[in-house]
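This report concerns a single protein model and its arrangement of secondary structure. The sequence and coordinates are displayed below.

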Amino acid sequence: MSHAFTLHLPVEHPYRGLAADVAARFAETVGGSSAEAQAFGVEVAAGVESVAASGEAIDLVFDRAHLGVEVAIRCGPELRLIRHVLPAIKK
């Protein structure tokens, strides 16, 4: 079963925080611990901030990876790929 989904956010600052919240919930949903989920959320927040300068809407494509989770973050021409290993992942 695929766990992939896309989140489309406006670039304005109040909306950016949603990315970290969704990332953490996604990591927990696929079996990560609360601490691992929060760490993934922090990584995603940093990734969003790093691409947001282009001033366009932000697209995040979340998916379950072999040993954890990943997200592709795109904002205009900028792209960041974040992979996070979840040692406690449930199979």
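The model is predicted. Its open sheet has 4 strands in the order S1-S2-S3-S4, and the pairing is antiparallel. S1 and S4 form the edges, each pairing on one side only. On average, neighbouring strands of this sheet are turned by 15° against each other, with direction ignored. Strands S1 and S2 run antiparallel and are joined by 5 bridges; Thr6 stands opposite Val61 in S2.

Two helices are described relative to these strands. Helix H1 packs on the sheet and touches S1, S2 and S3, whereas helix H2 lies across S2, S3 and S4.

| Helix | Residues | Strands | Angle |
|---|---|---|---|
| H1 | residues 13-29 | touches S1, S2 and S3 | about 10° with S2 |
| H2 | residues 34-51 | lies across S2, S3 and S4 | about 170° to S4 |

Is His84 buried or exposed? Its relative accessibility is 14%; because buried means under 20% relative accessible area, His84 counts as buried. Leaving aside neighbours within four places in sequence, His84 is in contact with Glu36, Ala39, Phe40 and Glu43, and also with Leu67, Gly68 and Val69. With one of these residues, Glu43, the side chain of His84 makes a polar contact of 2.2 Å through the side chain of that partner.

How values were computed:
Residues numbered from 1 in each chain as written. Predicted model: local features only at pLDDT ≥ 70, side-chain atom pairs only at ≥ 80, totals over all residues. Heavy atoms only, no water. Buried < 20%, exposed > 50% of the residue type's maximum accessible area, 1.4 Å probe, protein only. Polar contact = N/O pair within 3.5 Å; in protein donor to acceptor, adjacent residues only side chain to side chain. Contact = heavy atoms within 4.5 Å. Pairing = 2+ DSSP bridges. Axes fitted to C-alpha atoms, helices over the stretch in contact; angles between N-to-C directions.
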